[in-house]
Amino acid sequence: MANALLSIQMIPKTNNGESVIPYVDQAIAVIKQSGLPYRVAPLETTMEGDLSELLQVVQRMHEVMIEVGCPGALSQIKISYNPIAGASMDKLLEKYPDGK
């Protein structure tokens with residue numbers, strides 16, 4: 001069972017004020033490639049896994065931003081860590097099956 005949830009909002013810095021959406025899409029692709037469970041929401045994406053794995057994904061997301069030409073990126077991160085009982089998106093959301 002996963003021991004952590006990590007929500008991240010990635011805000012890439014662009015060179016000429018262009019849209020950040022294509023860069024955010026690349027950051028989400030890093031999450032998808034990780035194979036970890038995740039959910040994209042309007043303002044952030046939440047991943048589920050072991051804390052060390054999640055932090056490695058965050059590091060890779062930042063590295064990719066540089067590789068695709070961003071001079072830098074800012075991210076806001078929230079972490080729920082529970083090594084004893086575990087952490088689960090489904091468990092937290094079971095009261096809200098239709099998202100409302």
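Where is the place of I77? I started my notebook with this one, and I found I77 in strand β4. A reminder to myself: this is a predicted model.

**Entry on I77 and its patch**

I looked up how open I77 is, and its relative accessible area is 38%. Next I checked the surface around it. I77 belongs to a nonpolar patch together with L55, I79 and Y81. Together these residues have about 360 Å² of accessible area.

**Entry on the core**

The largest nonpolar core has 17 residues. I noted the ones with the most contacts inside it: I8, M47, V57, M61 and M65. At least two residues of this core come from each of β1 (4-13), α1 (21-34) and α2 (51-67). Of the elements, α2 gives the most, with 6 residues.

Setting aside neighbours within four places in sequence, I found M47 in contact with A4, L5, L6, I8, I31, P37, Y38, L54, V57 and V58.

**Entry on Q33**

Is Q33 buried or exposed? I found Q33 in helix α1, and it is exposed because its relative accessibility of 67% is over the 50% cut-off. Last, I checked a distance: Q33 and G49 are 16 residues apart along the chain, and their C-alpha atoms are separated by 14 Å.

Notes: Residues are numbered from 1 along each chain as its sequence is written. This is a predicted model: local features need pLDDT of at least 70, side-chain atom pairs count only at pLDDT 80 or more; totals for chains, interfaces and linings use all residues. Side-chain values use heavy atoms; hydrogens and water are left out. Patches are made of residues with over 30% relative accessible area and no salt bridge: like charges are joined within 9 Å, nonpolar side chains (Val, Leu, Ile, Met, Phe, Trp, Tyr) within 5 Å. Accessible areas come from the Shrake-Rupley method with a 1.4 Å probe; for residues, only the protein chains shown count as cover. A salt bridge is a side-chain nitrogen of Lys or Arg within 4 Å of a carboxyl oxygen of Asp or Glu. Helices (H or I, at least four residues) and strands (E, at least two) are DSSP runs, numbered from the N terminus. Buried means under 20% relative accessible area, exposed over 50%, partly exposed in between (1.4 Å probe, protein chains only). A nonpolar core is a set of buried Ala, Val, Leu, Ile, Met, Phe, Trp, Tyr and Cys residues joined through side-chain atoms within 4.5 Å. Contact means heavy atoms within 4.5 Å.
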